[in-house]
Amino acid sequence: MAVVDEQRVPRQRRGMRAGMLAGCGALVLAGCASMPDNGGLESVEASQRPDSQVRVFALPPKDDVGPSSIVEGFLEALTSDDPSYTMARKYLTSKAAKNWEPKRQTVVLDDGPSTRPTGRPNSGNDGRSYELTGKQVATVDQQQAYQPRGGAYQGDLHLTQVNTSKGKQWRIDALPEGVVLGESDFQRIYSSVNKYYYAVDSTSGGEAGQRRLVADPVFVRQWTDPLTETVKELLQGPTRWLNPVVRTAFPTHAALKKGTDSLAPDDANKLTVPLNEAGSRAGQAKCKEMAAQLLFSLRDLSSSSVNEVELKRSDGRFMCAMTEDGADALAAPRSTGRVPDQYFLDAKGRLVRMPGKSRSDKSPEQVPGPLGEGEQVLRSVAVSRDQERAAGVSNDGRSLYVASLIAGASLGDPVASSHAKAEKNGFTTPSWDGNGDLWVADRDPKHRRLLMFGQGQADKVQKVRVEGLGDDATIETVKASADGARIGLLVSEEDTTSLWIGRVERHADANGDTEVSVTELRQAAPQMEEVTAVSWAGDSRLVVVGREPGGLQQMQYVLSDGSTPTGQALPGLTRVSEIAASDNDELPLLAHSDDGIVRLPSGAAWQSVLKDGTAPVYPG
């Protein structure tokens with residue numbers, strides 16, 4: 001195995017060096033001995049774990065080595081940066097190499113596969129068998145979608161001797177489906193990107209014609225051509241989990257024009273995307289939607305500087321073009337144009353706020369309206385994304401109110417009541433989605449339920465069915481996403497509280513009314529035994545507070561597919577009971593801890609805001 005350490009390359013030479021590597025790539029894979037002169041070429045043993053700045057190139061099998069060396073060489077070749085697995089196939093028989101489909105799935109193990117021979121070796125060409133084992137972390141399917149998976153992994157390899165120009169050599173003739181990698185190798189090779197699709201319920205509650213985009217995280221190889229790979233993944237459509245609640249503007253069978261192997265923006269950062277005949281059939285309105293999907297999908301890609309997209313037909317004719325400003329105008333914003341304020345409750349249970357970018361020494365002010373004036377003492381609150389209304393739960397947990405944030409507005413009657421005998425079993429903290437709908441769970445042991453109030457109105461309430469939720473499970477926290485297509489639920493059952501992400505489906509019933517359900521729950525933060533707080537922190541990212549088995553409380557980011565982003569560590573904080581993050585990543589995290597309300601500005605330490613405050617929230 002050959003390794004090139006990118007950390008040893010001076011920053012100003014990285015672009016030139018990348019070109020040199022690309023030019024010599026084929027030679028390296030063929031055993032090239034000529035590498036960049038000040039390189040960082042070194043041998044890597046199977047036990048070594050290269051970091052994210054290291055590129056790994058596979059070496060071919062040596063002649064006249066035993067079956068165990070072939071197995072180890074093949075497993076090392078799987079960790080290379082070659083997306084076509086050219087060198088890995090050299091460890092297989094011709095038939096096995098032809099039938100092997102490495103992209104069918106990737107199995108991620110916590111520390112890579114362990115190998116051991118099975119059966120009793122015989123003399124002659126009777127073959128050898130090996131078993132691969134390990135602790136499974138996740139799988140990545142053909143759509144590059146990540147899915148956490150626990151438990152033990154077991155796979156089988158079989159080798160036989162084949163005739164070659166250099167005599168008989170051991171080769172693998174049977175192997176597990178897909179690719180098996182250790183978690184550190186997976187994190188080095190792949191990076192998570194968001195594809196964007198439109199929510200199926202068309203326009204949002206905002207300006208006419210605006211459409212809500214939903215993030216669909218997938219993994220692409222970060223060393224090959226992540227921009228082109230992201231475009232290809234977008235064109236292939238949404239992942240199976242998200243597909244029922246989103247749509248794509250690209251026509252069926254749309255793809256890049258045949259022969260388009262790589263895409264790159266020009267000197268003005270405009271990306272030209274040539275489409276095949278199927279993709280060329282879109283009209284102007286659809287073409288604009290397609291361009292917006294491309295711009296949003298490439299916006300967060302670290303290697304991309306695209307600020308304009310131009311689509312071309314298969315015959316080279318112009319289809320449409322769009323800038324980032326045009327995409328922002330077409331797609332509904334996650335919030336209003338103003339910077340979101342920071343909200344929490346003071347010592348008297350009144351709703352107070354601070355400007356989102358205010359100084360830490362600024363005092364909070366009461367919000368106008370009944371929830372800020374203290375007509376009802378509150379224990380939790382949620383502010384609508386337009387910051388015009390708020391929902392609050394009474395101090396005893398049994399009444400849910402919705403009120404305007406306008407001076408002189410009345411509180412009115414509760415929009416819902418809980419019959420829980422114990423205060424701890426009343427309503428959870430409510431949450432607003434991007435449609436303007438309000439969500440809350442009632443933890444009454446005799447009448448557990450998840451409620452959704454259409455546009456926050458009492459006469460539009462419905463009990464939401466949650467598919468796969470056990471009879472003894474209790475929803476402790478509800479966090480609706482800004483796009484309205486997903487919802488985060490903290491669910492307690494037996495001795496654990498886990499984070500689950502559900503798909504929000506809306507269907508018209510026989511009377512023409514909209515029936516809402518939460519389906520296909522999937523676990524996020526599976527490594528945590530106890531999750532105590534959660535908040536959405538972007539289109540597909542959440543911040544969670546929890547504890548791993550036998551460990552202490554910690555705070556970290558997770559993605560909605562259950563994966564954990566690398567390089568995003570958060571400083572610790574003592575006994576956090578509530579956490580809040582904004583979709584705007586320039587705004588600080590908010591938390592309720594032993595020190596009261598605190599916040600974490602970017603690049604700074606935790607700062608005290610209000611010693612006697614509780615229930616910190618951003619709009620949503």
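User: How many disulfides does the structure hold?
Analyst: The structure holds 1 disulfide, a disulfide being a pair of cysteine sulfur atoms within 2.5 Å. This is a predicted model, in which local features need pLDDT of at least 70 and side-chain atom pairs count only at pLDDT 80 or more, while totals for chains, interfaces and linings use all residues. Residues are numbered from 1 along each chain as its sequence is written, and side-chain values use heavy atoms, with hydrogens and water left out.

User: Which cysteines does it join?
Analyst: Cysteine 287 and cysteine 320, with an S to S distance of 2.0 Å. Cysteine 287 lies in helix H7 and cysteine 320 in strand S16 (residues 318-323), so the pair ties together parts that are 33 residues apart in sequence. Helices (H or I, at least four residues) and strands (E, at least two) are DSSP runs, numbered from the N terminus.

User: Are cysteine 287 and cysteine 320 buried or exposed?
Analyst: Both are buried. Buried means under 20% relative accessible area, exposed over 50%, and partly exposed in between (1.4 Å probe, protein chains only).

User: Why is the disulfide left-handed?
Analyst: The torsion about the S-S bond of cysteine 287 and cysteine 320 is about -85 degrees, so the disulfide is left-handed.

User: OK, the largest nonpolar core. Which residues touch the most other members?
Analyst: Val231, Val273 and Leu311, out of 58 residues in that core. A nonpolar core is a set of buried Ala, Val, Leu, Ile, Met, Phe, Trp, Tyr and Cys residues joined through side-chain atoms within 4.5 Å. Helix H7 (residues 284-299) gives the largest share of this core, 8 residues.

User: What does leucine 311 touch?
Analyst: Leaving out residues up to four places away in sequence, its contacts include Val273, Cys287, Met290, Phe318 and Cys320. Contact means heavy atoms within 4.5 Å.

User: What is in the second core?
Analyst: That separate core has 35 residues, including Val71, Met87, Tyr91 and Leu159. Val71 is also one of the buried residues of helix H2 (residues 67-77). The buried residues of H2 pack against helix H3 (86-89) and against strands, among them S5 (114-118) and S9 (167-174).

User: New topic: in what order do the strands of the open sheet come?
Analyst: The order is S35-S36-S37-S38, with antiparallel pairing. Two strands pair if DSSP finds at least two bridges between them. Strand S35 (578-580) and strand S38 (607-610) stand at the edges with a single partner strand each, so one side of each has no neighbour in the sheet.

User: How many bridges join S36 to S37?
Analyst: 5 bridges join strand S36 (residues 589-593) to strand S37 (residues 596-600). Alanine 591, for instance, has valine 598 in S37 as its bridge partner.
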